[in-house]
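Open the model in your viewer and show it as a cartoon. Then follow the stops below.

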Amino acid sequence: MNINTIIVPPLGTNCYIISDSGESACIDPGGDPSGILSLVEGNLRFIILTHGHFDHIGAVSEIKAKTGAEILIHPLDAPMLSDSRKSLAAAFGFKPSSAGYDRLINDGDEINVGSVKLSVLHTPGHSE
């Protein structure tokens, strides 16, 4: 397993790339899609969003278009992907993501990346 961290614009958000056995997942691609994609090893299977604020979802549409990766998000934050007020994008002069999502994830779900199993932990507070 390999984990890369990249700090992405517009607010210096940590984005993580997890790779194992020819598969990868990207967690919170806030911006800099080219920089993020340069760290992907093998097939990018998932774009995992910890929540839907604009600084965590800014590169989702472009990465999805280039890779076809599944977009995963918790149901309570899914509306943020298309609503610039809910994602706080409007308050900072940014446009909302237009990618939508492919699968809703909930507490206790598992996401397999190669031989790595990621466990979903619902931790509301910063967002629902």
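The C-alpha atoms fill a box of roughly 40 × 30 × 20 Å along the principal axes. This is a predicted model: local features need pLDDT of at least 70 and side-chain atom pairs 80 or more, while totals for chains, interfaces and linings use all residues. Residues count from 1 along each chain as its sequence is written, and side-chain values use heavy atoms, without hydrogens and water.

Next, colour by secondary structure. There are three helices and eight strands, taken as DSSP runs (helices H or I, at least four residues; strands E, at least two). From the N terminus, the order is β-β-β-α-β-α-α-β-β-β-β.

Now select C15, I36, L44, I47 and L49. These have the most contacts inside the largest nonpolar core, which has 19 residues. Such a core joins buried Ala, Val, Leu, Ile, Met, Phe, Trp, Tyr and Cys residues through side-chain atoms within 4.5 Å; buried means under 20% relative accessible area (1.4 Å probe, protein chains only). Highlight β1 (2-8), β2 (13-20), β4 (43-48), α3 (60-67) and β5 (70-73): each supplies at least two residues of this core.

Zoom in on L44. Beyond its neighbours within four places in sequence, L44 is in contact (heavy atoms within 4.5 Å) with S24, A25, C26, L37, I63, T67 and A69.

Finally, select I18, F46, I105 and L118. They are among the 12 residues of a second, separate core. Across the protein, 43% of the 128 residues count as buried.

Notes: Buried < 20%, exposed > 50% of the residue type's maximum accessible area, 1.4 Å probe, protein only.
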